[in-house]
Amino acid sequence: MDDQQLLHYSRHILLEPIGIEGQERLLQSRVLIVGAGGLGSPAALYLAAAGVGRLVLADGDTVDYTNLQRQILHSPDTVGMAKALSGERRLHQLNPECRVEALTRRLEGEDLEAQVALADVVLDCCDNFPTRHAVNRACVAQKKPLVSGAAVRFDGQISVFDQRQEDAPCYHCLFPEGEDVEELRCAVTGVFAPLTGIIGAMQAAEALKLLVPCGTPLSGRLLLLDALTMEWRSIRLAKDPDCPVCGHH
């Protein structure tokens, strides 16, 4: 790191679990963020500010006025622009040293698999089950840690699924694909704006802990937040040995 970088990241460097060595790891890291909306916005901002060297921002949607209540990567002058490009512009303003790759498409199939393979950590910041399961399958196949978050109405949740650990569950163990699980969408049910900031920032925190590495990640635990009462619940997650995605089959 040069003198400017030492100054920029000095408050991280002062933290004993991070230090210069940990900060240099961040500068050399690559993170894939799937979704540049309510969760992806705060997650991307904190990861860029913290010095992650390369961020890949994937989102096939465009900025809408209804997004601006919570999606803080975007602004009125980017309405109609691809979210990935709008996010790239904002992140460059925040930290020009962070190289941002904007993917203005929905990642699927081999394209998704290739991007996951290149990443050190993957953040699931999307808003639908098909994409969540596709990202999970790719992370299991490539053995890449997945930081998953969700927020709707006043309810938030976050967990880490890390298949580098033999006994770690995957997203499918928690929400089996194909089961009759109600999918709640913000466009229909609404969402409390700061809730997306809380969960998205926590996703960034978990990603940084995995990259340094330091602390104890949320692998094997699911945190649930009721933002109306500001009460947290922590649930232990077990690997499903018969899981068709990560089980021993």
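**Figure 1. Crossing of helices H4 and H10 in the predicted model.** Helix H4 crosses helix H10 in a right-handed sense (left-handed if the near helix is turned anticlockwise from the far one by less than a right angle, right-handed if clockwise). Helices (H or I, at least four residues) and strands (E, at least two) are DSSP runs, numbered from the N terminus. On the H4 side, Pro42, Ala43, Tyr46, Leu47 and Ala50 meet Thr196, Gly197, Gly200, Ala201, Ala204, Ala207 and Leu208 of H10, where contact means heavy atoms within 4.5 Å. The contact of H4 with H10 has 9 nonpolar residues, 3 polar and no charged ones; Ala, Val, Leu, Ile, Met, Phe, Trp, Tyr, Cys and Pro count as nonpolar, Asp, Glu, Lys and Arg as charged, and the others, Gly among them, as polar.

The model is predicted, with pLDDT of at least 70 required for local features and 80 or more for side-chain atom pairs, while totals for chains, interfaces and linings use all residues. Residues are numbered from 1 along each chain as its sequence is written, and side-chain values use heavy atoms, with hydrogens and water left out.

**Figure 2. Packing of helix H4 on helix H5.** H4 (residues 40–50) and H5 (residues 83–94) have axes 9 Å apart, at an angle of about 35 degrees. The crossing of H4 with H5 is right-handed. H4 contributes Ala44, Leu45, Ala48 and Ala49 to the contact, and H5 contributes Arg90, Leu91 and Leu94. By class, these residues comprise 6 nonpolar, no polar and 1 charged.

**Figure 3. Packing of helix H6 on helix H7.** An angle of about 50 degrees separates the directions of H6 (residues 109–118) and H7 (residues 129–142), and their axes are 9 Å apart. That makes H6 oblique to H7. The two helices, H6 and H7, cross in a right-handed sense. Leu112, Glu113, Val116 and Ala117 of H6 are in contact with Ala134, Val135, Ala138, Cys139, Ala141 and Gln142 of H7. The contact of H6 with H7 is made up of 8 nonpolar, 1 polar and 1 charged residues.

Figure 4. Asp124 belongs to strand E4 (residues 121–124). With a relative accessibility of 0%, Asp124 counts as buried (buried means under 20% relative accessible area, exposed over 50%, partly exposed in between; 1.4 Å probe, protein chains only). Neighbours within four places in sequence aside, Asp124 is in contact with Val34, Arg132, Leu146, Val147, Ser148, Gly149 and Gln203. The C-alpha atom of Asp124 is 8.7 Å from that of Leu39, although the two residues are 85 apart along the chain.

**Figure 5. The loop position of Asp64.** Asp64 sits in the loop between strand E2 (54–58) and H5. Its relative accessible area is 37%, and Asp64 is partly exposed.

Figure 6. Most residues other than glycine have a negative phi, and most peptide bonds are trans. Lys143, not a glycine, has a positive phi of about 55 degrees. Lys143 lies in the loop between H7 and strand E5 (146–152) and is partly exposed, at 49% relative accessibility. Met230 likewise has a positive phi of about 55 degrees without being a glycine. The loop that holds Met230 runs between E7 and strand E8 (231–236), and Met230 is partly exposed at 46% relative accessibility. The peptide bond from Val212 to Pro213 is cis, with omega near -15 degrees. Pro213 is placed in the loop between H10 and strand E7 (221–226).

Methods. Axes fitted to C-alpha atoms, helices over the stretch in contact; angles between N-to-C directions. Parallel < 35°, antiparallel > 145°, perpendicular 65-115°, else oblique.
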